[in-house]
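I opened my notebook to get to know a structure I had not looked at before.

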Amino acid sequence: ISVNGLYDSRDNPINPSDGRYEFDLFRINPEFLGSDKSSTLLWLEYRDYFSLSEQRPRHLIGVWTYGSFVTSGDVPYLDLPAVGWDQFGRSGRAYPQGRFRGQNLLYAEAEYRFPLQQNKETLGGVVFANATTASNKDADIIVTNFIDPGVGLGLRIMINKQSKTNLALDYAWGKYGAQGFYLSVNEAF
């Protein structure tokens with residue numbers, strides 16, 4: 001059972017150049033619907049886009065943050081909040097999905113997007129940085145004890161100018177020797 005709230009003023013949901021996005025979710029996992037133990041979880045997400053040029057909408061800074069929290073009960077390990085468990089599995093570039101997990105998880109990312117051509121919008125680039133932190137009550141780790149960063153860069157190829165659909169190729173580096181190549185359609189957020 002969940003209660004959801006959504007605010008979306010973005011000019012384009014797949015490749016925004018302006019606007020804001022907020023998504024809030026409160027989920028209840030009751031025993032009478034099949035859970036071994038009752039629990040509740042809270043998800044809070046916010047995205048914002050700051051245009052750097054009216055003439056070149058592809059020139060912007062985007063920010064994305066979310067928090068996922070176990071608010072009551074015990075949640076099985078594989079169901080705990082984890083990096084990469086956002087709606088499209090795009091958070092935590094540089095790390096495998098689920099690499100960081102805990103009863104509470106905070107994530108933040110900033111991305112600078114820019115055109116690579118002087119008079120066209122076909123090719124673009126991005127540089128980004130992200131950070132993840134998670135708690136573990138069994139090990140006495142609070143949510144801010146460890147912060148794990150990732151950085152990367154990418155190429156964007158606009159494959160549909162009408163919808164502003166991009167083919168995205170990203171490479172990211174993180175701590176512990178983590179790194180990864182990401183191929184996707186549309187922006188990470």
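**Entry 1: what I am looking at.** I remind myself that this is a predicted model.

**Entry 2: salt bridges.** How many salt bridges does a search of the whole structure find? I noted 15. I then looked up a few of them, one by one.

I began with R10, whose side chain meets that of D8 in a salt bridge, at 2.8 Å from N to O. Are the two partners buried or exposed? R10 has a relative accessible area of 14%, so I wrote it down as buried, the limit being under 20%. D8 is partly exposed, with a relative accessible area of 37%.

Next I turned to D74 and found a salt bridge with K37, with the closest N and O atoms 4.0 Å apart. Where do the two residues lie? D74 is in the loop between β4 (60-73) and β5 (104-115), and K37 is in the loop between β2 (19-29) and β3 (39-51). They are 37 residues apart in sequence, so the pair ties together separate parts of the chain. I also noted that D74 is partly exposed, at 40% relative accessibility.

I followed the shared partners and came to one network made of R93, E109, E111, R113, R156, D170 and E187.

**Entry 3: a nonpolar patch.** On the surface I found a nonpolar patch formed by F50, L52, I61, Y112, V127, V151, L153 and W173. Together they have about 660 Å² of accessible area. I picked out V127, which is in strand β6 (residues 123-134). V127 counts as partly exposed because its relative accessibility is 36%.

**Entry 4: pockets.** The largest pocket has a volume of about 440 Å³. I counted 22 lining residues, with R101, G102, Q103, S135 and N136 nearest its centre. Strands β4 and β6 each supply at least two residues of this lining. By class, the lining has nine nonpolar, seven polar and six charged residues.

The second largest pocket has a volume of about 310 Å³.

Notes:
Residues numbered from 1 in each chain as written. Predicted model: local features only at pLDDT ≥ 70, side-chain atom pairs only at ≥ 80, totals over all residues. Heavy atoms only, no water. Patch = residues over 30% accessible without salt bridge, like charges linked within 9 Å, V, L, I, M, F, W, Y side chains within 5 Å. Areas by Shrake-Rupley, 256 points an atom, 1.4 Å probe, with all protein chains shown as cover. Helix = DSSP H or I, 4+ residues; strand = E, 2+ residues; numbered from the N terminus. Buried < 20%, exposed > 50% of the residue type's maximum accessible area, 1.4 Å probe, protein only. 1 Å grid on protein atoms, 1.4 Å probe; cavity = no way out; pocket = protein on both sides within 12 Å on 5 of 7 lines; lining within 4 Å. Points joined across faces, edges and corners; volume = space filled by probe spheres on them. Nonpolar A, V, L, I, M, F, W, Y, C, P; charged D, E, K, R; others polar.
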